[in-house]
Structures are given as structure tokens and as C-alpha cells.
Amino acid sequence: MLTESDLSAFLASPVPVVAVTARHAGVRNAMAAGWSMPLSMTPPLYGVQVGKERGTHPLITGSGEFGVNFLPLARARTVHGAGSFHLSDGVDKYARVPLTEHPDAPLALAEAFLHYTCRVVNVVETGDHDLFVGEVVRVLRDPEFYDAQGAFRGSAALHNGRGLYVGSGQERLAFPKDIY
């Protein structure tokens, strides 16, 4: 049964975590983001929330694009590292974590099972964060993580707060239409 809780529960529930990548004027960065979501199928839009003080914010603003990288649970340390160090401290996360750029797509991480390259089409101020709305212009995915029908069959990294990660698991349930 649900009971009243304080706001600590607001950030301590399992959420998909992605590595948002950006580059501008010779500077590159990756940051962990637990606040991201698909927004539209037509056109294909994806949104990421980025704190205004984060080093990634001016890179996205300056370049007009960003990458969204989904990592498997086995690479949770990678996305955690992207969120633990800060560009403003002079840390090259690609060297420190380490992160590997995909050879054919600089915003894609080789460690990801799914990547979107997005072109910014709107920015919505949402308190201490800005929601960058990006049109998905390129999708890369690792076929090892998908079955013949294209359904995900891996274990995605979910952030559970305070540096804890859980996997999305392998259990699948399928429900035919109109049968409840």
C-alpha cells in the first residue's frame, strides 16, 4: 500500500539512466542523465533535462545537437563515472572513465547498446534545468541486444539513487490485444 513520503523518494526510484554526449568548439563531454524521454514519433523527438550549471549545457546550446546513449547494466560504472566527474573541474571524462567514441559517430559511445543523435529543435526552461528537445536524426543500435523482432533482450542500467544501479532484467511478459 502507498504511504506518504518526503521528497527523498522523488530521486530514489529506478529510472533509466543515459549518457548524454555533446561537443562544441573542440570541447567534448558526457554526462549522466536520469531525466530523459521520448516525446514524439512523428517527427521523432527525444528530450533530455540538463542542469543550467552543467558543462554539457553550453556545449549543446553552442552546437545545436546532442547524443543519447543507453548503456547495459554491465556498463553502469561507465555512466556513473560520466555523472561523478565534472567538466568544470577540468576532467576529461573520455580519458578518466574511460569512454570510447564510436568510430563513425562522435556523439555515440561504443559502450552503448542504443544511441540517438539529436538536433535541438526547442529548449524549454523547467526550473533549474532546461529540457532540450531534439529531433532524432540518427539511430545506432547493437544487434546483440535485440531479438529477431527488434525487441530489447538485454539488461539496461537503471539508477536507483545514491550510486546504486539495478538492471531492467530479462523477464518479459507479452499481452495479446483485448485479453486482460
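The legends below describe close-up views of a predicted model.

Residues are numbered from 1 along each chain as its sequence is written, and side-chain values use heavy atoms, with hydrogens and water left out. In this predicted model, local features need pLDDT of at least 70 and side-chain atom pairs count only at pLDDT 80 or more, whereas totals for chains, interfaces and linings use all residues.

**View 1. Lys52 forms salt bridges with Glu125 and with Asp130.** A salt bridge is taken as a side-chain nitrogen of Lys or Arg within 4 Å of a carboxyl oxygen of Asp or Glu, and a search of the whole structure finds eight of them. In the pair of Lys52 and Glu125, the closest N and O atoms are 2.7 Å apart. Lys52 lies in the loop between strand S5 (45–51) and helix H1 (56–63), while Glu125 belongs to strand S9 (residues 114–126), so the pair ties together parts that are 73 residues apart in sequence. Helices (H or I, at least four residues) and strands (E, at least two) are DSSP runs, numbered from the N terminus. In the pair of Asp130 and Lys52, the closest N and O atoms are 4.0 Å apart; this pair links distant parts of the chain, with Asp130 in strand S10 (residues 129–141) and Lys52 in the loop between S5 and H1, 78 residues apart. With buried meaning under 20% relative accessible area, exposed over 50% and partly exposed in between (1.4 Å probe, protein chains only), Lys52 is partly exposed at 35%, Glu125 is exposed at 60% and Asp130 is buried at 10%.

**View 2. Glu111 and Arg75 form a salt bridge between two loops.** The closest N and O atoms of this pair are 3.9 Å apart. Glu111 is buried, with a relative accessible area of 10%, whereas Arg75 is partly exposed, with a value of 31%.

**View 3. Strands S7 and S8 form a hairpin with two residues between them.** Strand S7 (residues 101–102) pairs with S8 in the antiparallel sense over two bridges, where pairing requires that DSSP finds at least two bridges between the strands. The bridge partner of Glu101 in S8 is Leu109, and Glu101 is also linked with Arg23, Arg28 and Asp92 in a network of salt bridges. S8 is mostly covered, four of its five residues being buried.

View 4. Thr56, His57, Leu59 and Ile60 are buried in H1. The buried residues of H1 pack against strand S2 (18–24), strand S3 (27–33), S5, S6, S9 and S10, with contact meaning heavy atoms within 4.5 Å. Just after H1, Gly64 takes a positive phi of about 75 degrees.

**View 5. Backbone geometry at Pro43, Pro98 and Ala25.** The peptide bond from Thr42 to Pro43 is cis, with omega near 0 degrees, and Pro43 lies in the loop between strand S4 (36–40) and S5. A cis peptide bond also joins Val97 and Pro98, with omega about -15 degrees, and Pro98 is found in the loop between helix H3 (93–96) and S7. Ala25, although not a glycine, has a positive phi of about 50 degrees; Ala25 lies in the loop between S2 and S3 and is exposed, with a relative accessible area of 69%.
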